[in-house]
Amino acid sequence: MAYIPPHKRQSKDGGGNGLVPTPNSFPVPIFHKRSSTVSESRTGVYNARKVGMMIYAKGAISKWFIQGGSTSDGDQLPGNSLRMEPFRRSQSFEWKRWGDAFVLTCDPSSSTGSLQTQTTPWVSIAENIRDELLDSFGKVREEIRSGEVGEELKLSFVIRIGKILFHGKYFSGGVTTRTDAESYFGHVGRSFCTDLPDSYMETILATVVPKLGVYSHQAKEYYHVKVFDKCNPNTSISIKCRVISGQLKMHKIELNQKRCLVVDVSCLDKDLDLRLMLSTKRGLTTPLMEDAEMLTSLRQLVDSAILDSNAKGGVRWAMGKKFSADGRYTVIGVWHTNVQTFKTSELKIRLRNADRFDFWASDGEVSNEVTLEVTGINASLMTRMDMVEMEVTIAILKETLKLVWDHFLSCDL
């Protein structure tokens, strides 16, 4: 599909998507049945350069399962109701790599019945991932105590809204239990589409946000320049920039986040699915911030950027200017984002429009996205260390999932 500049785009209800590959969409499957650990070999150059600069921590945990769609048996699925259907939204460049996209669905009559027998799906989801949560929380706390990252470490537990897509393998039905379905689909290539229609975003703004007890609202515009460092190929640098006097200027430098836990949940009783994710993000340490040569090189990359509303990602560079003078740093991607952030006592709700371009793939995409950062969990991870107090964290998760289930998963795709 040809790229359309932001100022020429039509309504997004009929197209565009923000595809976020999961580890299972790599050429070599690394999901086994219901959950797995990502090998360290997958957290290096391949991720940083070829898969949207997503980096997984050593021992990262990934999981996918089905929520809803069951009969009163709990595990039993209504006969032949579970099936795959083509995802009819416009295809992004990632789909060209992984194949046709399908979504998991079941008959509406089956979904209605399951709602009567399972009144607390948010409790079921939280309990289903309890072990993985505790394992990941423990690893992150150990990282904090070990001093490997120290004061520069930032935790982020988020819930993303979207649709789980299965690639390249059509399934017409036949499994009769949720366990069998999870075993079968756990070996199918999968990605998470975060792009949402304009109508959904408008509904969230008009009817959901006013119900959440918001005490703060901010709207900001940023450009994010993604940079590859050939001397540190296992990570990438993200430079957050602002426009000052018509020029792109460096605002903040961070190393790309590392994903510690990724859980995808196919919600058969709802229109949309969930991704729960625990990540760590590192700011530059003091020695690096005092590295004048590095800062000069990164600043030159940003200062040489040319704002262009017709360019993919909203920014372009003249020939040869995407590289630092010493050849160490290379611009590998750029994002132009407009974000509205709403804060409650336990959450940050971000509504983002992102125009991205990946120089390695030579293609771009535009998406509407909704992310809920559970700040209550972030705070508890930093202060609570024993198993008894960890139950408070689980309780916060259940409360947040109930909010999401009730207000964020209905959408006409």
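Let's start with Phe357, which you'll find in strand E15 (residues 347-358); helices (H or I, at least four residues) and strands (E, at least two) are DSSP runs, numbered from the N terminus. Keep in mind that this is a predicted model, where local features need pLDDT of at least 70 and side-chain atom pairs count only at pLDDT 80 or more, while totals for chains, interfaces and linings use all residues. Residues are numbered from 1 along each chain as its sequence is written, and side-chain values use heavy atoms, with hydrogens and water left out.

So is Phe357 buried or exposed? Its relative accessibility is 12%, so Phe357 counts as buried (buried means under 20% relative accessible area, exposed over 50%, partly exposed in between, with a 1.4 Å probe and protein chains only). Setting aside neighbours within four places in sequence, Phe357 is in contact with residues including Lys312, Ile332, Val334 and Asp363, where contact means heavy atoms within 4.5 Å.

Now zoom out. The chain has eleven helices and 16 strands, and 53% of its 413 residues count as buried. The largest nonpolar core holds 52 residues, and Ile159, Tyr200 and Phe408 are among those with the most contacts inside it. Such a core is a set of buried Ala, Val, Leu, Ile, Met, Phe, Trp, Tyr and Cys residues joined through side-chain atoms within 4.5 Å. Helix H11 (residues 387-407) gives this core its largest share, eight residues. There's also a second, separate core of 21 residues, which includes Val227, Cys241, Tyr329 and Val334.

Next, the aromatic rings. A search of the whole structure turns up six aromatic pairs. Rings of Phe, Tyr and Trp (its six-membered ring) pair if their centres lie within 6.5 Å; planes under 30 degrees apart count as stacked, over 60 as edge-to-face and the rest as tilted. Trp64 and Phe166 have ring centres 5.7 Å apart and planes at 80 degrees, so this pair is edge-to-face. The pair links distant parts of the chain, with Trp64 in strand E3 and Phe166 in strand E6, 102 residues apart. Both Trp64 and Phe166 are buried. Tyr184 and Phe185 are edge-to-face too, because their centres are 5.0 Å apart and their planes at 85 degrees. Together, Trp64, Phe166, Tyr184 and Phe185 form one aromatic cluster.

Finally, look at Trp335. Lys226 lies over its face, 4.2 Å from the ring centre, and the charged end of Arg356 sits over the ring of Trp335, 4.3 Å from its centre. A charge sits over a ring if NZ of Lys or CZ of Arg is within 6 Å of the ring centre and within 35 degrees of the ring normal.
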